[in-house]
Amino acid sequence: MSVGQFGTFAIVSGLILSLITIGLFIARLSKPENRLLKIISRLSYTGLAASIFSAFGALGWIVYHREYQYDYAVQHTSNELYNHWFRFAATWSGQEGSFLLWAVWTSIIGFIVCYKAGKYENRVMPIYVSVQGFLCAILLKQSPFLLFLFKHPGMPGVPTEGLGLNPSLQNYWMTIHPPTIFFGFASLLVPYSYALAALIWKDYDDWARAVFPYALLTSGVLGLGLFMGGYWAYETLGWHGFWAWDPVENASFFPWLAMITLVHGLHVQRARGGMARTNLFTGILGFSLFLVGTFLTRSGALASKGPNGQLLSVHAFDDISKSGLIIMEIMLIGYAIVGFGMWLLRLKQIPKQNTTGDNLVSRDFAFFIAVILMLVSCAVVTLGSTTPLFLSWFHHAPMAPQASFYNKVMFPLVALIAITLGCVPWLAWRRTDGDTFLRKLMWPWLISMVFGFGLLLWVQVAQRQLINTLDPQTLDSTMHNWISPAIQRMSVVILGTLGFLAALSNSMLAYRVLRKRPLAAGGWIAHVGIGVLILGVIVSNTFEKTQEITLKQDDGPRTVFGYTFDFVGMTGKAPYGRPIDPDYDQNNHIIIKVTPPGGDSTASGDSSLSFLMEPRWYVPKPSMDEESMGNPDTMYWPAIHKSLGHDLYLALASQPAMNMYRVDLMPGGHVALGPYQIVYLKPDIHPLDYMGALCGIVAPGMKPIPIEPGMKWLKDSTGHPVMNDQGAPIIFKQNEPIPGLTFADGAPGVVILNSLNATTHSADLLFSLPDMPATWNIPLAVTYKPWINLVWMGVLISVLGIMISMVNRTIENRRDFQAAQGKPNKKKK
Amino acid sequence: MNKAVLIGLLIVSGAMGFTLWAFSSSMTPYVDIHQAEQMGTRVQVRGKILHNTAHWSFTKHTLNFMLEDSHKDEIEVVYHGPKPESFDTAPETAATGIVQKQPDGTLVLESSSMVVKCPSKYDDETKSALRGAYGKA
């Protein structure tokens with residue numbers, strides 16, 4: 001049996017076993033004491049999980065071993081992918097592989113749910129396992145195990161090379177980010193299953209206890225996944241940002257918002273007995289929104305290029321097949337209708353307990369407001385991201401709201417969230433005496449005011465510089481271009497101050513709680529993180545400075561923002577070749593010596609403060625296809641010099657350009673180029689195929705070297721020239737290495753035919769020679785980002801806090817459980 | 001109805017109104033050049049880039065070029081911002097901006113963002129790449 005047959009078999013057995021498992025768990029509902037049934041149902045689940053693991057293993061094997069007889073391997077890996085981690089990580093770089101990753105995590109988490117659910121096991125598991133069934137069905141309809149020749153019947157044979165992993169994915173985050181975020185996604189199913197089971201069996205209160213640790217786990221892991229994605233984007237995409245409100249980013253953000261809403265609601269329900277209806281709603285909402293997001297990012301709605309051919313998202317997934325899409329649609333509509341339908345059906349019965357009452361100075365009210373704000377944020381982000389879907393239903397040109405939309409709308413929401421965060425530590429449940437509250441709030445408030453005043457001064461001082469350095473593109477995308485600069489500065493100061501207040505208030509309380517009951521401080525710690533995050537986003541965006549410069553080789557250093565930049569050199573073979581050269585090194589480091597303010601940038605001076613920064617320049621394998629040679633898809637990777645207070649972010653602004661030595665000659669002419677003599681004998685023209693210039697070069701003390709630089713017409717498979725959209729033929733120039741003339745590093749000198757006049761036959765030649773080396777122009781975007789580390793710190797503190805809470809609630813549940821075992825008649829609150 | 005619910009409703013309705021307003025101002029309609037000249041608001045204009053008219057100023061960070069729409073109307077676009085990477089090879093673009101009258105009376109689309117269509121980049125990428133793979137095999 002081949003590995004592909006094994007994988008297909010595993011998925012079929014997964015589908016069958018999921019149906020059997022659902023049946024067995026349902027059967028146990030009426031016979032809860034039957035031990036045999038218990039063992040068989042769990043065994044059946046184990047078999048289901050094993051099937052899914054086997055399918056994943058088979059796909060991993062195919063991708064890792066580059067089994068090109070399978071289409072998936074051809075699509076997602078290549079011989080050049082040598083790093084073992086990437087070779088394996090390529091497994092989840094495609095549609096089907098990421099579905100499998102989702103299924104694998106669902107199966108693993110399912111074991112915990114199954115064995116730890118206690119009396120809920122039989123109620124929760126049928127709902128839970130049904131998703132695994134659906135995933136198996138999708139993978140059957142859109143199998144990753146299809147043979148290449150089956151999928152592409154017109155092809156003459158199995159290829160020996162694959163298309164490779166997108167270079168932007170060839171990053172260590174590729175090995176860790178997708179598994180993390182998919183763990184988060186998969187775990188969203190637990191609150192959904194619990195909530196639906198609670199609605200079906202009318203158990204509106206106790207499910208909140210059982211599901212609490214899972215809701216925290218999901219929030220923490222999704223938060224961590226979002227952080228990794230943002231950091232990855234910051235590190236590789238080169239636009240010195242970490243969040244762009246891209247639909248694919250949002251698709252993991254809105255389920256997270258639903259989950260932290262659930263966490264807060266559950267906290268209220270556990271502490272005060274309120275919010276039972278809200279929690280059942282948000283429990284259903286999280287997984288449903290994830291399905292919406294999955295559908296959005298995979299249905300092709302974002303990749304449908306509309307009238308402009310623009311992709312609405314930078315993270316384009318290839319389109320899912322039609323039949324796979326139908327199962328996705330059934331899943332989305334099915335789970336949403338069943339979940340929300342049950343909720344509506346039971347709404348009247350769910351006990352209502354208003355804990356807020358008229359006491360607005362109470363923790364109850366703060367939580368109530370927080371839940372509303374988070375749900376509204378969730379709704380805004382969901383609606384904004386799904387706009388392309390709605391528009392496509394009405395056959396409207398696909399459009400997505402710009403980032404400025406989210407920035408505008410989120411601004412007041414985040415400000416209100418920050419105020420709530422700053423106040424909640426000083427509020428008690430039920431009611432707090434107004435004077436006591438104000439007395440407790442006074443000190444953090446005063447300190448924040450001082451901080452805010454400092455921030456205001458900073459903004460005032462920095463703002464002149466800001467106006468000068470911000471280009472309109474950045475202005476357009478930054479937060480407040482819709483209001484006057486004065487209000488803009490004020491809003492920045494206000495939001496920054498509120499973020500600081502939130503961090504301060506919560507850290508004061510966290511410190512107090514940590515000393516008494518460390519595990520109970522998780523919530524406060526998470527709040528500190530959110531405050532720090534808000535502050536970080538505001539400060540790093542407001543005080544960011546960007547300027548574009550061009551470093552010219554041999555032209556001396558340039559100084560920007562007090563930093564001096566000096567081009568040192570370039571690694572690889574690139575310096576003397578052009579990017580389309582087949583010998584081209586795909587991993588060029590452009591080495592730049594940077595001297596910070598206060599350092600000595602002169603060549604002879606003390607360079608102890610200086611450091612090297614190496615932005616990289618990547619051109620994918622050029623020779624795959626003649627068409628791509630005309631238009632190589634280059635990528636730039638920025639270099640980041642991190643320090644505690646700021647990052648210096650260096651990215652290529654556009655493709656580095658070579659200044660070669662240019663020579664214009666008529667047939668029979670000759671000219672001196674430094675120590676060299678260049679002779680142009682005659683043109684060699686084959687219309688619609690090739691044209692060249694027969695030349696010679698004489699170096700001092702050497703025999704003349706014949707050279708023939710030329711250019712070629714691009715042709716299709718039938719031999720006809722390919723025209724571009726303007727109707728002109730596509731012609732590309734070739735680098736001609738000059739074998740006798742080599743640079744110190746062994747690279748040959750290069751000649752390029754830049755143009756050849758069809759009537760006069762005059763030739764325009766470009767040279768790079770050992771004594772006349774071409775020089776580089778490096779266009780750089782220099783960005784100074786102060787306090788960006790607050791952003792990363794904030795998220796990590798927050799995740800840490802959520803994880804502490806999770807441990808706390810798990811221990812609490814175990815204690816409750818043991819107490820209940822000891823005293824079976826103990827009445828619940 | 002108690003105060004808490006009242007405040008909650010206030011927040012929700014306020015946010016909804018604000019969202020709608022922000023939404024309508026963020027979505028810019030696609031129009032042709034004639035309409036764009038009439039409207040005077042932020043619009044998206046789609047058309048062919050007339051490459052021989054393109055001029056990129058590195059010091060001012062502006063890109064000037066003529067845009068021709070499907071009715072063969074032409075308008076000068078002044079795009080402010082970094083030059084899009086694939087501009088030189090792109091046949092078409094959609095520029096977002098406002099049509100403004102210059103001192104000399106000509107109408108210019110002052111654009112702050114531009115979406116560029118790449119030639120053949122997404123057309124049947126797999127197939128053509130596979131063809132290449134055979135060439136090598």
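The model described here is a predicted one. Arg270(A) has its place in helix H11 of chain A, which covers residues 247-272, and, leaving aside neighbours within four places in sequence, Arg270(A) is in contact with Ala208(A), Arg209(A) and Phe212(A). Arg270(A) and Arg814(A) are 544 residues apart in sequence, while their C-alpha atoms are 15 Å apart in space.

Phe183(A), in helix H8 (residues 173-187) of chain A, is buried, because 22 other C-beta atoms lie within 10 Å. When residues up to four places away in sequence are not counted, Phe183(A) touches Trp105(A) and Val221(A). For Phe183(A) and Val221(A), the separation is 38 residues in sequence and 7.2 Å in space, taken from C-alpha to C-alpha.

The helix pairs can be taken next. Two packed helices are described by the angle between their axes and the distance between the axes. The table sets out these values for two pairs that involve H9(A), which spans residues 189-200.

| Helix pair | Axis distance | Crossing angle | Handedness |
|---|---|---|---|
| H6(A) and H9(A) | within 8 Å | roughly 135 degrees | right-handed |
| H9(A) and H12(A) | 7 Å | about 140 degrees | left-handed |

In the pairing of H6(A), residues 121-141, with H9(A), the axes cross at roughly 135 degrees, which makes H6(A) oblique to H9(A). On the H6(A) side, Arg123(A), Val124(A), Ile127(A), Tyr128(A) and Val131(A) meet Leu189(A), Ser193(A), Tyr194(A), Leu196(A) and Ala197(A) in H9(A). By class, the residues of this contact between H6(A) and H9(A) divide into eight nonpolar, one polar and one charged.

H9(A) also packs against helix H12(A), residues 276-298, at an angle of about 140 degrees, and these two helices are therefore oblique to each other. From H9(A), the contact draws on Leu189(A), Pro191(A), Tyr192(A), Tyr194(A), Ala195(A), Leu196(A), Ala198(A) and Leu199(A), and from H12(A) on Leu280(A), Gly283(A), Ile284(A), Gly286(A) and Phe287(A). The contact of H9(A) with H12(A) has 11 nonpolar and two polar residues, and no charged residues. Leu189(A), Tyr194(A) and Leu196(A) of H9(A) are named both in the contact with H6(A) and in the contact with H12(A).

Definitions and conventions
Residues are numbered from 1 along each chain as its sequence is written. Chains are lettered from A and ligands numbered from 1 in the order in which they are written. This is a predicted model: local features need pLDDT of at least 70, side-chain atom pairs count only at pLDDT 80 or more; totals for chains, interfaces and linings use all residues. Helices (H or I, at least four residues) and strands (E, at least two) are DSSP runs, numbered from the N terminus. A residue is buried if 20 or more other C-beta atoms lie within 10 Å of its own, exposed if 12 or fewer, and partly exposed in between; C-beta atoms are placed from the backbone. Two residues are in contact if their C-beta atoms, placed from the backbone, lie within 7 Å. Axes are lines fitted to C-alpha atoms, for helices over the stretch in contact, and angles run from 0 to 180 degrees between N-to-C directions. Angles under 35 degrees count as roughly parallel, over 145 as roughly antiparallel, 65 to 115 as roughly perpendicular and the rest as oblique. A crossing is left-handed if the near helix is turned anticlockwise from the far one by less than a right angle, and right-handed if clockwise. Ala, Val, Leu, Ile, Met, Phe, Trp, Tyr, Cys and Pro count as nonpolar, Asp, Glu, Lys and Arg as charged, and the others, Gly among them, as polar.
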